[in-house]
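Good morning, everyone, and thank you for making time for this.

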Amino acid sequence: MLTRIEYILLNKNLKRASQPQQGIEIVFGGKKHYINSDPGQILSLLISTFESAVAKNQELETSNQELARAKELLEKQAAELQALSLRDGLTGLYNRRGFMTLAEHQMKVASRTQTPLFLMFIDLDDFKYINDMYGHAMGDRTLVDTAQVLQTTYRQSDLIARLGGDEFVVLHYCSGWDCAETILERLQDHLRLYNSTPQDHPLQLSLSVGFAWYDPRYPVGLEELLKEADGMMYERKKAKKAKLRTPPPLRKQWERGQMYNGLTNPT
């Protein structure tokens, strides 16, 4: 009986040894590998590998989504910082950097479309006196009020900026003197309206204005244009303070061809 059992076991082992091995060939790291194992174990290995790949893919998708959100946030913050770098913190108008950047672009557009530009250089009168007499808080309020007057006076498409201190500029697309005259009169009207309500505005606003033209037929640089308008503003402010003479009428200055870069064909 024992011999019979030994024979059966030996015959079973011989059959198992004579059976062809089952396995699977895989490629990993550029090399082929052959795995010998029970079919059930191979299936378990494949399922486990697939589940690991799915989990890793989900992790990658989550990471990509987080990276996309982080990129969007960074772009938004960069745009906000860029906007802040172009804006005056007190008045909300464009600052010098913002004005110079956008004005250069407008001058290029004006050159392509052959449309003149009208530049106003505006200075708040007696600003130092206001600061010394009433304090810097009142000085800041006066600057903010000036900015608001300019914003309510001119179009949203006009470029309005505070260059620094008590100096403001406005740049308009303007076809000729009639347009410029309307622009200047509009500012005077809004100033009168502001000064007619002392209960709301304890200090009267007074502005000195110089201006210059950009004629695309006779192009000049932005710095030169600012210098011309600033020079006219200074002369008018000096005359106003001295009270020795009335500043020359703006139309007379137009007719004499001062600071218009060819619009009046100066001789």
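**A threonine and its helix**

Let me start with one side chain: that of Thr-146 reaches the backbone oxygen of Thr-142 at 2.8 Å. This is a polar contact, meaning a pair of N or O atoms within 3.5 Å, where within protein one must be able to donate a hydrogen and the other to accept it, and where residues adjacent in sequence count only if both atoms are side-chain atoms.

Before I go on, please keep in mind that this is a predicted model, in which local features need pLDDT of at least 70 and side-chain atom pairs count only at pLDDT 80 or more, while totals for chains, interfaces and linings use all residues. Residues are numbered from 1 along each chain as its sequence is written, and side-chain values use heavy atoms, with hydrogens and water left out.

Is Thr-146 buried or exposed? Thr-146 has 1% relative accessibility and therefore counts as buried, a word that stands for under 20% relative accessible area, with exposed being over 50% and partly exposed in between, for a 1.4 Å probe and protein chains only. Leaving aside residues up to four places away in sequence, Thr-146 touches Leu-124, Phe-168, Leu-205 and Leu-207, where contact means heavy atoms within 4.5 Å.

Thr-146 lies in helix α5, and helices here are DSSP runs of H or I with at least four residues, strands being runs of E with at least two, both numbered from the N terminus. In the protein there are eight helices and six strands.

Now to the neighbours of α5. Two packed helices are described by the angle between their axes and the distance between the axes. The axes are lines fitted to C-alpha atoms, for helices over the stretch in contact, and the angles run from 0 to 180 degrees between N-to-C directions. Helix α4, residues 127-134, packs with α5 at about 140°, and their axes are 6 Å apart. On the α4 side we find Phe-127, Ile-130, Asn-131 and Tyr-134, which meet His-136, Met-138, Gly-139, Thr-142 and Leu-143 in α5.

The axes of α5, residues 136-153, and α6, residues 177-195, come within 10 Å and cross at roughly 130°. From α5, the residues in this contact are Asp-145, Val-149, Leu-150, Thr-152 and Thr-153, and from α6 they are Arg-186, Leu-187, His-190 and Tyr-194.
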